[in-house]
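Here is a short briefing on one protein chain. Keep the sequence and the 3D view side by side as you read.

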Amino acid sequence: MKKVIAVVSLSLLAASAFAGKPGHPGGHDDDKDTGPAIYLDGKTVQVTSLSWSAVSNKAQSGGDARQNISSNTGNVNVGAPLTQLTFGTLSYIGNKAESGGDARQNLATNVGKVDIAKQLTQVVALKGSAVMNHASSGSSAVQNISTNNGCQTCQ
């Protein structure tokens, strides 16, 4: 029972990371070139914990497969302590694009215009697990794990 309460509590904390700063409903702005703005001005924890699990994302025929786990994409402004954690035990995390599509996968990552003014901790801890990102037939694959990527087109 204690494990269930802990997982639910961590899930609620992770969900709070998607809340926007007051005056910025939903954390979005009108800058369509770089994606939505994410303002993290309060202590934020994003946690994904997998055990005996599979997380899979696939696009075909020119589609985009974008997968973000414990991550933020767009204009990311970190003004308070941020912790991003992804744990996996005996789990599979896969992302695949075929026939001209893009496969983009981020674990415990910030991608886009990233501005970090406070403490940031990013951890991906895997045991007996696989993380795969696959592209074929002229498609591209971008994968970020426990990193910050300033590439505006890699979101």
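R66 forms a salt bridge with D64. Their closest N and O atoms are 3.4 Å apart. This is a predicted model, and the structure holds 3 salt bridges.

**Salt bridges**

- How exposed is R66? R66 has 45% relative accessibility, so R66 counts as partly exposed, because that label covers values between 20% and 50%.
- D64, the partner of R66, has 42% relative accessibility and therefore also counts as partly exposed.
- The side chains of K96 and E98 meet in a salt bridge, at 3.2 Å from N to O.
- K96 has a relative accessible area of 29%, so K96 is partly exposed.
- R104 and D102 form a salt bridge too, with 3.3 Å between the closest N and O atoms.
- Are R104 and D102 buried or exposed? Both are buried, and buried means under 20% relative accessible area.

**The open sheet**

- Strands of a sheet pair through backbone hydrogen bonds, and the pairing can be parallel or antiparallel.
- Which order do the strands of the open sheet follow? The order is β4-β8-β12, and the pairing is parallel.
- This sheet has 3 strands.
- β4 (64-69) and β12 (140-145) stand at the edges. Each has a single partner strand, so one side of each is left without a neighbour in the sheet.
- Ignoring direction, neighbouring strands of this sheet are turned by 0° against each other on average.
- β8 covers residues 102-107. β8 and β12 pair in the parallel sense over 6 bridges.
- Look for A103, which stands opposite A141 in β12.

**Strand β1 and its partner**

- Strand β1 spans residues 37-40, and strand β5 spans residues 72-78.
- How many bridges join β1 and β5? They pair over 4 bridges, in the parallel sense.
- L40 stands opposite V78 in β5.
- A37 and Y39 point one way from β1, while I38 and L40 point the other way.
- All of these β1 residues are buried.

**The whole chain**

- What does the secondary structure come to? The chain has 1 helix and 13 strands.
- Start at the N terminus, and the elements run α-β-β-β-β-β-β-β-β-β-β-β-β-β.
- The chain has 155 residues, and buried residues make up 37% of them.
- The accessible surface of the chain comes to about 8300 Å². Carbon and sulfur atoms hold 55% of that surface.

**Confidence in the model**

- The chain averages a pLDDT of 80, and 75% of the residues score at least 70.
- Where is confidence lowest? The lowest is in helix α1 (residues 2-16), at a mean of 41.
- Confidence is highest in strand β6 (residues 82-89), at 96.
- Over residues 1-32 the pLDDT is below 50. Beyond near neighbours in sequence, this stretch has 25 contacts in the model.

Key. Residues numbered from 1 in each chain as written. Heavy atoms only, no water. pLDDT = per-residue confidence, 0-100. Helix = DSSP H or I, 4+ residues; strand = E, 2+ residues; numbered from the N terminus. Contact = heavy atoms within 4.5 Å. Buried < 20%, exposed > 50% of the residue type's maximum accessible area, 1.4 Å probe, protein only. Pairing = 2+ DSSP bridges. Salt bridge = Lys/Arg side-chain N within 4 Å of Asp/Glu carboxyl O. Axes fitted to C-alpha atoms, helices over the stretch in contact; angles between N-to-C directions. Areas by Shrake-Rupley, 256 points an atom, 1.4 Å probe, with all protein chains shown as cover.
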